[in-house]
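Work through the exercises below with the structure in view. Each task is followed by its solution.

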Amino acid sequence: MYFYNLFNALLHSHQVFFPDVERCEWLNRILKQVWPNANFYAKNLIKESIEPNIQQAMAGYKLNGFKFDRMILGTIPPRIGGVKVYDKNVSRNEIIMDLDLFYAGDCDISFALSGLRGGIKDFQIHGTVRVIMKPLISQMPLIGGLQIFFLNNPNIDFNLVGVVDLLDMPGLSDILRKIIVEQVAAIMVLPNKLPIVLSDGVPALSLKMPEPEGVLRIHVVEAKDLMKKDISVLGKGKSDPYAIISVGAQQFRTQTIDNTVNPKWDYWCEAFIHAESGQTLQVVINDEDAGEDELLGRATVEISSVTKNGEIDTWLTLEQAKHGLVHLRMTWFKLSSEKSDLKQALEETQHLRVTSMSTALLTVFIDSAKNLPQARQQSQPDPYLVLSVGKKNEQTSVQMRTDAPVWEQGFTFLVGNPDNDTLQLKVIDQKTGNTIGTLTYILSALMEKKNLEIMSQPFQLQKSGPETKIIMSLSLRILKRHREQEPAVTTPDKGPASDADSVLSRTSSIRTSASHGSQSGTLQQQPSTGDSNAAEAVALSHQGSVRKQDSRKSTTSAIMEQMSIQEEPFVVSTLNTVMMATPPRSPNLSDGGTELLRRSPSTTSSSGSAGLGRIQLTVAYSVQRQRLLVIVHKINNIPLKDPNNIPDPYVKLYLLPGRSKESKRKTNVVKDNCDPVFDTTFEYIISNAELVNSELEVTVCTQKGFFGSPVIGMQKLSLSDPDISSGQGIKAWYDLLPESKFE
C-alpha cells in the first residue's frame, strides 16, 4: 500500500506542477507513517549484514567479540529536504528521483566489545539518495522494484558512549566511525545499490545486475606548493604526501613521496560510473606520519564536467589548505557493444604504456546453482562463490545448508584484453573450506556472441557432480572514448595562448550591453564611461584596495597577477564550482587621485519593470584560467512597503542547472537599506563547455522575516551569451523580477 500511495503521489505531483527541486512534506508524512516498519527492516539489516562485517573489520584492529546488544532506532524518522524527479533522458519504463536525506534520530544502540559495553547515540546521516523505480508494470503495485543508493559517500556522525575503559581505547571512536562509513558504502553507495523486488513477476536480473554508464580513467599527475607539515628545528620543512581518490565507495591510493611539497605521482586508476549526473570524484592529499596523518588539502570534481567534455586536464586549488594545487587528467569512456571498437581501445592503452589500464568491462550476474555435491554424508554444504578476473577477486554471500543456492548478485570487472583474459569461478563450502566446483570461461568466446552477452544460461561446473550447474549472465562492453579531442592544459603558472582569453588580454572587454538578455528579464544600458576600466576592478577587488601599478606594466599583467595569487586560503569544492575566500568589500577603488573604476552613474530613478528594483552586476570569464568572476555591485530602489520595516538585503548566487550547495555564494547583509552597495566579488572554476550550458541565478532577499528570508526579487543570466563565453565580460543593470516568474 505504501508504494502504491507513493507512486500515485508522484504521478499527481508530476501532472500538476513539478519544478526542478521541490519541498516534499507529503513524502515526510509517508515516512513517518511507515517508519515503524522500516525500523524493523533496518534492525534486521544491521544485525544480519552489518554486524558480521564490523566483527571482521574490528578483528583487523585486534578488537574481538563485537556484537550489537540493543538496537532501538527511535521514533524520529528521516526527513527529506527536497526531491527532484528526472523527466529528461529517462526511459519510459522507469522513474528516477533524487532525495536530500537527513536523519538525526533518537536511536539507542548498544554493543559489546572485548568484554566491555558501549553505545552509539546521536547518530546522524546526510546525503543525496537516488531512487530508481523500475520496471513500471501494468498491475499492482505498478512498480516492479526499487534501486536505492547514495550517489556519493554521505556525511555520518555519532557520539560514542560507554564505560571508561572502553572510551579510553586509543582511536576507538575513529576506528568505529571509519568501519561504519565503509559498511554503509558497501551496502548502498555507488557502485553498490540496495535493490528491492516488489513484484514476483519481475526477474531479479533486471534490478540486481550492475549497469555502469561508463568508466572514468584518472591520472593523478602531481601536486604543487603543498603545505609543509614536517617542520625542522631550523624552521625548514617538507611533507610526505600521498593522495586518496574516491568515487563513491571506490577508493584508490597513490604511493607516498617523501620529503617534498611538489610530489610527482604519475598514478593511474579507473572507476566505474553509474550516474553521470550527481557523482563526484574527491581527491584528498595527506602527509604521512608515524602517528596520525595530517590533511594537506582536498578537491572535488563533478563527474558530469568530465562526461560532457570527454577529457579534462586541469589544476585544482586545494580546499582546507593555505595553498597548494593538484594536477589531474580525466578521460571518460562510454560502453560499446561493437566488437570492432576493441582495436582502438587496445591501441590507446599501448600508447599510454600503462600496463594496468583496461580496454573492456565485464559484468557478471550470478543467479543460482543446482545439484551441488554434499560436503559430508547427509550434510548440505554452506556454499559461496569466488569470482576472479586478473588480479581482482569478488565473493558472493554464503547460503546456508543448501545444494541449490540462490545468490542473485552482480559484479563488475575491468578487463585488460578480452582476447587473453578469463573469468575464474570457484564454489567453496564454508563448513570445510573445500572447493566443490570450478569454472573457467574464456572471454574471447564472449566476443563472438550477439551484443557480446549471454543471458541466464546454465554452465557445467568442473570438479563437481555431472548434474551440477551454475546459472549466470555475462555482458562484455568495450571502452570507447566519448569524444576525441586534445585537452587544453591549465597550469598554475601558464596556460595556452588564446585570442579568446579577452579578460586577460583586452582591458576594454568588460562592457555594458543593452542587448544582453536573460531568461525573462530586461536590461537597461548605462553610460559606458569608465567601463573600459572594469577589468581592473575584477582584479583589484580581490585585495580591497588599489596599489599604484608600474607605468611600464600593462593592465593585463596586473590582472594576471591578481588572478594567480595563491597565498590566500581557498574554499575549493569542485572543478566547475570553486569559490575563493570572499575578499573584503572595497569602499574606495581610487589611489593617488586616479579613478581606476568609474561606476556607472546612479542616474536611474526606475524601480525596474516589476517595481522591485534593479541590480548591477559584472560577469567576466577567463578562457585561459577557466574562471568565472561575478561582481555584485549594488541594488537600486528596493520598494519600501513599510517605513517601520526597512529591508536588510543580501544577494545569493547559484549556478544552474543543479542549484547545488557547492555553487552557492552569498554577500554580506546590509542593514536597513533600500539602495545597498556590496561591491563583492565571487569566483567559480568552470570549463567553457559547461559555461555555455549554465545559468547564473541571482536572488535578492531580506534578512527580516518571520519565516526564513523573504525573496525581494530574482534574475537569471544565461552564461552562453557570446560576450561572456567567448572571454569578454558584461557590466550591466538587471531588473529584479518576482520569484514566481522563475518557478
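**Exercise 1.** Find the aromatic cluster that contains Phe66.

Solution. Phe66 belongs to one aromatic cluster with Phe68 and Phe111. Rings of Phe, Tyr and Trp (its six-membered ring) pair if their centres lie within 6.5 Å; planes under 30 degrees apart count as stacked, over 60 as edge-to-face and the rest as tilted. The structure holds 5 aromatic pairs.

The model is predicted: local features need pLDDT of at least 70, side-chain atom pairs count only at pLDDT 80 or more, and totals for chains, interfaces and linings use all residues. Residues are numbered from 1 along each chain as its sequence is written, and side-chain values use heavy atoms, with hydrogens and water left out.

**Exercise 2.** Describe the aromatic pair of tryptophan 35 and tyrosine 103.

Solution. Take the geometry to begin with: the centres are 6.0 Å apart and the planes make 45 degrees, so the pair is tilted.

**Exercise 3.** Which charged residues sit over the rings of tyrosine 242 and phenylalanine 413?

Solution. Over tyrosine 242 is the charged end of arginine 253, 3.7 Å from the ring centre. Over the face of phenylalanine 413 lies lysine 392, at 5.4 Å from the ring centre. The criterion is NZ of Lys or CZ of Arg within 6 Å of the ring centre and within 35 degrees of the ring normal.
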